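Opening the notebook on this one.

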Amino acid sequence: MSDRKEKTREALRDTAATLFIERGYSATSLREIGRAAGVDAALVIHYFGSKENLFLEAMSAALPEQAVFGGPTADLGERFIRFVLDADEQVRAIYIALIRGSESDGIAAQFRERHESDFVAPLRARLSGEDAELRARLAAALVGGLLYALWVVGDQVLLATDREVLVRRYGALLQQLIDQDA
């Protein structure tokens with residue numbers, strides 16, 4: 001791909017990420033993305049194939065790399081909860097955009113795949129025991145519950161709780177799933 005085409009593709013992806021985060025998946029049209037990026041909306045389909053593909057790529061590109069699964073498993077629970085609580089407004093906005101966009105069948109399927117590849121599989125690879133698969137999935141559900149309570153519901157008690165208390169207590173819950181033998 002030429003440099004100019006790559007820049008156009010990146011501009012579309014970055015513009016789409018901004019609009020999807022601000023307005024949501026359903027309220028953002030391909031025409032608006034093209035106009036905001038300064039190109040014909042037909043290029044969106046040319047470069048990404050569909051609005052769903054653009055959404056997923058834009059959300060993935062906007063997320064920071066996470067190296068949280070590296071290091072010892074002995075303190076992974078607290079490390080992961082600290083990572084979640086340290087997430088910036090951009091990560092929160094992406095999470096909410098993904099939740100809202102998951103009403104589309106294509107996005108829901110991709111969201112499940114990303115859940116598997118980005119959380120369940122890396123954690124499962126670090127666990128031992130016959131029930132490691134179940135524990136990895138329970139851990140994903142546990143973290144998802146915290147994100148939902150903080151970022152979607154806006155639980156005022158949790159939001160007002162000292163960060164280190166949340167890290168310690170929620171991290172301990174997560175660590176129980178990580179350490180538990182079959």
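Predicted model: local features only at pLDDT ≥ 70, side-chain atom pairs only at ≥ 80, totals over all residues.

I started with the helix contact: Ala-11, Leu-12, Thr-15, Ala-16, Leu-19, Phe-20 and Arg-23 of helix 1 meet Glu-32, Ile-33, Gly-34, Ala-36 and Ala-37 of helix 2 (contact is heavy atoms within 4.5 Å). By class I get eight nonpolar, two polar and two charged residues there.

Numbering runs from 1 along each chain as its sequence is written, and side-chain values use heavy atoms, without hydrogens and water.

Next I looked up the axes: helix 1 (residues 3–23) and helix 2 (residues 30–37) come within 9 Å and cross at roughly 125°. That makes the two helices oblique to each other (under 35 degrees is roughly parallel, over 145 roughly antiparallel, 65 to 115 roughly perpendicular, the rest oblique).

Then salt bridges (Lys or Arg side-chain nitrogen within 4 Å of an Asp or Glu carboxyl oxygen); I find twelve in the structure. Lys-7 pairs with Asp-3, closest N and O 3.9 Å apart. They sit four residues apart in helix 1, so about one helical turn separates them.

Arg-82 and Glu-164 form a salt bridge at 2.7 Å, N to O. Arg-82 is in helix 5 (residues 76–86) and Glu-164 in helix 10 (residues 163–179), so the pair ties together parts 82 residues apart in sequence. I also see a salt-bridge network linking Arg-82, Asp-86, Arg-163 and Glu-164.

How values were computed:
Axes fitted to C-alpha atoms, helices over the stretch in contact; angles between N-to-C directions. Nonpolar A, V, L, I, M, F, W, Y, C, P; charged D, E, K, R; others polar.
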